[in-house]
Amino acid sequence: MNIQMMEELGDTFDAFELCLTKPGHGPLFEYAGDHFPIHAACPVIAGIIKCAEVECKLALPKDAQIKFI
């Protein structure tokens, strides 16, 4: 997260609520939609949520990637 985003949203979230929110919704997506030049395939918010999933044991601590072969 960038510093301005953390200052505006804070850095404490209910991890389960953050991770189990409908895709494309929730405070991170809302902030990004208003402040970032976001596009449908942007992996940034998904990466942040992946980290939260691992921290609350909803996902394995494995690398996630988009790979073109």
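Which pattern does the protein chain follow, read along the sequence? In this predicted model, the answer is α-α-α-α.

**The chain as a whole**

Let's start with the overall numbers. The protein chain has 69 residues, and buried ones make up 19% of them. Taken along the principal axes, the C-alpha atoms fill a box of roughly 35 × 30 × 25 Å. As for contacts with a separation of 6 or more, 44% of them come from residues 24 or more positions apart.

**How α3 and α4 pack**

Now for a pair of helices. α3 covers residues 27–35 and α4 covers residues 44–55; the two pack at an angle of about 160 degrees, and their axes sit 10 Å apart. An angle over 145 degrees counts as roughly antiparallel, so that is the label α3 and α4 get relative to each other. The crossing of α3 past α4 is right-handed.

Who makes the contact? On the α3 side there are L28, F29 and A32, and on the α4 side I45, I48 and I49. Sorted by class, that gives six nonpolar residues, with no polar and no charged ones.

In soluble globular proteins, nonpolar side chains tend to be buried together. Here the largest nonpolar core has eleven residues: M5, L18, C19, L28, Y31, A32, I45, I48, I49, A52 and C56. Two or more of these residues come from each of α2 (15–19), α3 and α4. The top contributor is α4, with four residues.

L18 is a core member worth a look. Setting aside neighbours within four places in sequence, L18 is in contact with F13, P27, L28, I49 and A52. Of these partners, L28, I49 and A52 are also listed in the core.

Is A46 buried, partly exposed or exposed? With a relative accessibility of 44%, A46 counts as partly exposed, because that class runs between the 20% and 50% cut-offs. A46 and G24 are 22 residues apart along the chain, and their C-alpha atoms are separated by 9.4 Å.

Here are the two distances side by side:

| Pair | Distance |
|---|---|
| Axes of α3 and α4 | 10 Å |
| C-alpha atoms of A46 and G24 | 9.4 Å |

How values were computed: Residues numbered from 1 in each chain as written. Predicted model: local features only at pLDDT ≥ 70, side-chain atom pairs only at ≥ 80, totals over all residues. Heavy atoms only, no water. Axes fitted to C-alpha atoms, helices over the stretch in contact; angles between N-to-C directions. Parallel < 35°, antiparallel > 145°, perpendicular 65-115°, else oblique. Left-handed = near helix turned anticlockwise from the far one by under 90°. Contact = heavy atoms within 4.5 Å. Nonpolar A, V, L, I, M, F, W, Y, C, P; charged D, E, K, R; others polar. Core = buried A, V, L, I, M, F, W, Y, C linked by side-chain atoms within 4.5 Å. Buried < 20%, exposed > 50% of the residue type's maximum accessible area, 1.4 Å probe, protein only.
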